[in-house]
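Please read the points below with the structure open.

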Amino acid sequence: MKPPPTSAPSAATLTVNARRYRLPTHPTVVVCVDGCEPDYLAQAVAHGRMPLLQRVLAQGTALVADCVIPSFTNPNNLSIVTGAPPSVHGICGNYLYDTASRSEVMMNDPKWLRAPTLLAALAEAGQRVAVVTAKDKLCRLLGHGLRGVCFSAERADTANLTDNGITDVLALVGMPVASVYSAQLSEFVFAAGVRLMAGAQRPDVMYLSTTDYVQHKHAPGTPAADDFYAMMDGYLAQLDAMGCVIALTADHGMNAKTRMDAQPDVIYLQDVLDDWLGVAAARVILPITDPYVVHHGALGSFATVYLSDPGAAPSLAQRLAGLLGLETVLTRADAAARFELPADRIGDLVVVSERSTVIGTATSRHDLSALDAPLRSHGGVSEQRVPLVLNRRIDGLDPLRRWRNFDAFDLALNHAQ
Ligand SMILES: [Zn+2]
């Protein structure tokens, strides 16, 4: 009798936010290195401090991708784990003006999230998923709907089975809880990732997200920056040796934002608009605002403006575009289209400053006394380029395509296994 025709079993897939992903056949790690301007990697490699990455760049896949604008932490981390821009997932900053309650609020609550994460969907499909972040503020968003492990280095000491799917994290990692303003907070993330991957409950998919404390203070190629990347390379080498598929990307780049005298180069936009329009005619919102402001004083290269007379937006955009240091000024509709932002969560204007310039609200509202190094920050189009590197060679990629950091899971799961 003739045997029945055989066909290769079709790989299990799932679809999230209109993108299809294959389930991994190898343990897969996506790393978001906060504030990783590509030059940090180049300088550390040039200085011989990243032997694993040097090999990966030669033998794996090395792309430069665009992050989402505003080039801030939360919008980009959510884009990476949803595979979609903020117009889909809804998180367009750390901070927003809630038109419903007419108040300025933090955007850390999952109630702002409009799309499911791939992480939650993978767990739903039976995959063992682990998420480790540096700061706790990201944990609730990244872990929304996730049945798996999700904890922050910042609150590692209080991680428990009910909230985090894990307990005794300090004993597992063998490190104390680090200060939120330290390189060790990010090292904890990598150390935890390696210990989880080496453990009995080995994750199928892991997402690691660090903090940009080092990048806010230290330029590419400086000793402290190189030390950070050498540390990271050591942990990535351990994951690589365990057979993991690794995709490394970043939430945004980082640039010096200073004048020639090393003082912050700030356009105080609220002061400018109060002067032009009168007090209370405009409300400037800085979506970089978060509780951790010591390293950037809430100064970034992106602002959004709510006007009491929205009809004035086009002419005001034109006038603002003439200011030295501003790169792009768009009306709400134009900004939503160009940057793929949720139109209902941005103001009447979106203002982006140039590479060396940041935007403040009013002079009186920024305390820069805590800045102990020349300001480095992000938020603009000038910080949009980020690395997208995999430790597997992927043939046939279109070099002319505009890659995004939120293609990381697509490349890792669909092309690198
Ligand atoms: Zn960041």
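1. G243, which follows α11, has a positive phi, near 90°. Helices here are DSSP runs of H or I with at least four residues, strands are E runs with at least two, and both are numbered from the N terminus. The model is predicted: local features need pLDDT of at least 70 and side-chain atom pairs 80 or more, while totals for chains, interfaces and linings use all residues. Numbering starts from 1 along each chain as its sequence is written, and side-chain values use heavy atoms, without hydrogens and water.

2. With 19 residues, α11 reaches 27 Å from its first C-alpha to its last, close to the expected 27 Å (1.5 Å times one less than the number of residues). Its buried residues (under 20% relative accessible area, 1.4 Å probe, protein chains only) include D226, D233 and D240.

3. Helix α1 (residues 38-46) packs on α11 (residues 223-241) at about 85°, with the axes 9 Å apart; axes are lines fitted to C-alpha atoms over the stretch in contact, and angles run from 0 to 180 degrees between N-to-C directions. The two are therefore roughly perpendicular (65 to 115 degrees). Y40, L41, Q43 and A44 of α1 meet A225, D226, Y229 and M232 of α11, contact being heavy atoms within 4.5 Å.

4. H366 sits in the loop between β17 (358-360) and β18 (376-377). H366 counts as buried because its relative accessibility is 11%. A polar atom of the H366 side chain lies 2.9 Å from the backbone nitrogen of T361. Leaving out residues up to four places away in sequence, H366 touches Y268, L286, G297, A298, L299, G360 and T361.

Technical notes: Angles under 35 degrees count as roughly parallel, over 145 as roughly antiparallel, 65 to 115 as roughly perpendicular and the rest as oblique. Buried means under 20% relative accessible area, exposed over 50%, partly exposed in between (1.4 Å probe, protein chains only). A polar contact is a pair of N or O atoms within 3.5 Å; within protein, one must be able to donate a hydrogen and the other to accept it, and residues adjacent in sequence count only if both atoms are side-chain atoms.
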